[in-house]
Amino acid sequence: MKKARYFYLTLMLLGIAFSTRSQNQDAITDTTENIAQDVIWHVKALHPEGYTMDVKAIDEQHNQYDIKAIENSDQRYIMDVKAFVGKEIFPVKVMVSEEEYKPVVAIVGQGKTYDLVAIDKNGKYLKVKGVRKTGYIIHIKAVGENGVLYGVKSISKKGKLNDVKGIKMYDKRLEITMEGLEVHAHVVALPQVQ
């Protein structure tokens, strides 16, 4: 069991190192035209009553933007989770925070962020947070009333589920600084551990 966990962690870290190294940290946006060959998965929170809740990025005026996982044609194991704002695509990160639960946001440029929320069937916003750390993995959940936690997953068009997690490359609080903002972990979708 320990060998499987170490293999899983090593594979994740290699994937993140590969994708992070190929990104230019100064240019945080991408455009939807650049992902035509990739497969898009929906990001949802799961409610125990049997329905899914949309996960969205929201701005100050409460405009909602899609959050999606992108299955890259080069590798299918680690999928970047991104915010789709108009024709632009922005990274989603877990931020450094002194709070018990760490904020999960879309970094949209010029030091601005949009919070991630899950929207229940009554239209109520549940904040999406990094709630617990296990090794280099940050568990991401939608936080409901009285601290009830709901899993956040990516869902393919064929009905496959992946876990949405924060992953770290370094064993320290600050992972990277983007747009002057302190990032704690990168948000990705990973196959569920069997």
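A nonpolar core is a set of buried Ala, Val, Leu, Ile, Met, Phe, Trp, Tyr and Cys residues joined through side-chain atoms within 4.5 Å. Keep that in mind as we walk through this predicted model.

**First stop: the core.** Select Val-55, Ile-67, Val-81, Val-92 and Leu-116: in the largest nonpolar core, which has 34 residues, these touch the most other members. Now colour strand β5, residues 79-85, which gives the most to this core, with 4 residues. Apart from this core lies another one of 7 residues, including Val-105, Ile-107, Met-178 and Val-183.

**Second stop: Val-81.** Beyond its neighbours within four places in sequence, Val-81 is in contact with Val-43, Ile-67, Lys-68, Ala-69, Pro-91, Val-92, Val-164, Val-187, Val-188 and Ala-189.

How many cavities of 30 Å³ or more does the structure hold? There is 1, and the largest cavity has about 40 Å³ of space. To find the largest cavity, select its lining: Val-43, Val-55, Ile-67, Val-81, Val-92, Val-104, Leu-116, Val-128, Ile-140, Val-152, Val-164 and Val-187. By class, that lining has 12 nonpolar residues, with no polar and no charged ones.

**Last stop: Lys-44.** Move to strand β2, residues 39-46, where you will find Lys-44. Is this lysine buried or exposed? Lys-44 counts as buried because its relative accessible area is 18%, and the cut-off for buried is under 20%. Show side chains here, and you can pick out a polar contact of 2.3 Å between Lys-44 and Asp-54. Setting aside neighbours within four places in sequence, the residues in contact with Lys-44 include Thr-52, Met-53, Val-55, Gly-151 and Val-152.

Technical notes
Residues are numbered from 1 along each chain as its sequence is written. This is a predicted model: local features need pLDDT of at least 70, side-chain atom pairs count only at pLDDT 80 or more; totals for chains, interfaces and linings use all residues. Side-chain values use heavy atoms; hydrogens and water are left out. Buried means under 20% relative accessible area, exposed over 50%, partly exposed in between (1.4 Å probe, protein chains only). Helices (H or I, at least four residues) and strands (E, at least two) are DSSP runs, numbered from the N terminus. Contact means heavy atoms within 4.5 Å. On a 1 Å grid over the protein atoms alone, a cavity is a set of points where a 1.4 Å probe fits but cannot get out, and a pocket is an open set with protein on both sides within 12 Å along at least five of seven lines; lining residues have an atom within 4 Å of a point. Grid points are joined across faces, edges and corners, and a volume is the space filled by probe spheres set on the points. Ala, Val, Leu, Ile, Met, Phe, Trp, Tyr, Cys and Pro count as nonpolar, Asp, Glu, Lys and Arg as charged, and the others, Gly among them, as polar. A polar contact is a pair of N or O atoms within 3.5 Å; within protein, one must be able to donate a hydrogen and the other to accept it, and residues adjacent in sequence count only if both atoms are side-chain atoms.
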